[in-house]
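Me: I am new to this structure and would like a close look at a single part of it. Could you pick one spot, walk me through it slowly, and then show me how other parts are put together?

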Amino acid sequence: MAELPNGFTGFSRRDPNFVSAGDALRSSRYDDTPFAARKQEQSLAGGWSPVPAGALTGRAAPARSAVAPDILQYAEAGTPAGAPPRFDPDKLARIPEVDRRWSWVEIDLNAIRHNASTVKHRLNPGCRLMAVVKADAYGHGAVQVAKTALNSGAEYLGVATVDEAIALREAYVNAPVLVLGEPPASAIPLLLAYKIMPSIYTAEFAIRYAEAADAFGLAAPFHLKVNTGMNRIGVRYDEVVEFARQISFHRALDLQGTFTHFATADCPGTIDFDRQVKRFAEAVNALRAAGVNPGIVHAANSAAAIRYPEVQLDMVRLGIALYGFYPCPEAYPLIDLKPAMAVKARITEVKTVPVGEGVSYGLHYRSPGAVKVCTLPIGYADGLRRGLSGRTDVLLGGKRFHQVGNICMDQCMFEVNLRQRHNLDPQIGDEVVVVGSQGEAAVTIDAMAETLGTIQHEVAIGFGCSRLPRMYI
């Protein structure tokens, strides 16, 4: 039989000095404390405990190698002596996501707690705090953020969809949850079954919602959405009394709140903002004059809650500031917020690229020589937008290094210039910060958003709602 090539099917020509990837990583110099600590915790819970086993199913059992004890912990227990082992699916499932691919998102729940508490302390007496956790809490994880915010002074939760609200209920979150838009009428059974409040601004939905609730002997709580100038959704501000009269005959309807949304609270000018404030006040006063209790009156988003205490009213809706992002430059001197999201990866390849050689699609970057090009397993499918190609930095050893070449779907590269005095020799497995801080250096989502010409919301959601595993610290 011909000798097998050095490939997946055999290693007969392998260099006798060959070191496996697993052995290389286990002996590398980078700090693997987070992963080791996690494995230790799982070991205490019954996972990660080595079991005697042999080789892959269907092959003769080889002699035990240095790597065998590490791999064989995933074999089924009780394999007869001399028989080939089988992988245990339950043990394989316990391998953490961050050990399957070297890129992840870290969420600092202490930062969420700090931001919620800081805003709560700025509110006028009696003013409630709603934590807006739509879009999976802007990519930070809705359930974990909701629980943290509720433990830090929030009393209400805001979401965009019925499914987002159901996810909270199924995670045993029992606080009032408001869907900030009017869902389809076909979702009404879910609203009632899961005790979720909708926003309402059409009479047709209101009546169907009330009739369904009445059929089950339930109340139909809701918040009335008022359009004061953003012109997205809502009952026009000067038509709220007529709308209330259209639907008030139904005994099941329970108006628990009235709200609007500001279009320019984060803008320097105040003309349009002042107009919306005035219109909303007129709408609420008209309801009261007509004998309608508006319930909890709320209008302020993050920017308005921080900049304009006079519009905090009965409740504020804390969105972007909950996650540590300043909604506008004017907010910086007014409050101390802490970013909760960091994005990290480990180097998967290090190469010296000869002068003039290109890197990545299009070869737009050319090596100037005396550089090491390092690859990270994170790309635009993970939220690292392709528009940032060659326009952002990463952090290694507390120092900034420039991202080079086009960002790919799954990977990107950065350059370590060997002419610079940084005393760094990048190795496979070294931890790199894509978003966050390391030492005195920082790469921020704010800077990425400015480079891309967009807002922090979009960039954060891109990282948090992607395929990157999420870790909470």
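Reply: Happy to! A residue counts as buried under 20% relative accessible area, as exposed over 50%, and as partly exposed in between. Please keep in mind that this is a predicted model.

Let us start with M409, which sits in the loop between β17 (399-404) and β18. Is M409 buried, partly exposed or exposed? Its relative accessibility is 43%, so M409 counts as partly exposed. Setting aside the neighbours within four places in sequence, M409 is in contact with G379, Y380, A381, D382 and R467. R386 is 23 residues away from M409 along the chain, and the C-alpha atoms of these two residues are 8.2 Å apart.

Now follow the chain onward to D430, in the loop between β18 (412-417) and β19 (431-438). D430 has a relative accessible area of 6% and is therefore buried, since the cut-off is under 20%. The side chain of D430 reaches the backbone nitrogen of Q427 at a distance of 2.9 Å.

Next come two helices, α14 (residues 445-452) and α15 (residues 456-464). Their axes come within 8 Å and cross at roughly 115°, so α14 and α15 are roughly perpendicular to each other. The crossing of this pair is right-handed. On the α14 side the residues that meet α15 are I445, D446, M448, A449 and L452, while α15 brings Q456, V459, A460 and F463. Sorted by class, this contact has seven nonpolar residues, one polar and one charged.

For another helix pair, turn to α10 (residues 203-215) and α11 (residues 240-247), which pack at an angle of about 30° with their axes 10 Å apart. That angle makes α10 roughly parallel to α11. Here, too, the crossing of α10 and α11 is right-handed. A203, A206 and I207 of α10 make the contact with F243, Q246 and I247 of α11. By class, five of these residues are nonpolar and one is polar, with no charged residues.

Finally, let us step back to the whole chain. The secondary structure comes to 15 helices and 21 strands. Of the 473 residues in the chain, 47% are buried, and D430 is one of the buried residues. Among contacts between residues at least 6 apart in sequence, 66% join residues at least 24 apart.

Note on methods:
Residues are numbered from 1 along each chain as its sequence is written. This is a predicted model: local features need pLDDT of at least 70, side-chain atom pairs count only at pLDDT 80 or more; totals for chains, interfaces and linings use all residues. Side-chain values use heavy atoms; hydrogens and water are left out. Axes are lines fitted to C-alpha atoms, for helices over the stretch in contact, and angles run from 0 to 180 degrees between N-to-C directions. Helices (H or I, at least four residues) and strands (E, at least two) are DSSP runs, numbered from the N terminus. Angles under 35 degrees count as roughly parallel, over 145 as roughly antiparallel, 65 to 115 as roughly perpendicular and the rest as oblique. A crossing is left-handed if the near helix is turned anticlockwise from the far one by less than a right angle, and right-handed if clockwise. Contact means heavy atoms within 4.5 Å. Ala, Val, Leu, Ile, Met, Phe, Trp, Tyr, Cys and Pro count as nonpolar, Asp, Glu, Lys and Arg as charged, and the others, Gly among them, as polar. Buried means under 20% relative accessible area, exposed over 50%, partly exposed in between (1.4 Å probe, protein chains only). A polar contact is a pair of N or O atoms within 3.5 Å; within protein, one must be able to donate a hydrogen and the other to accept it, and residues adjacent in sequence count only if both atoms are side-chain atoms.
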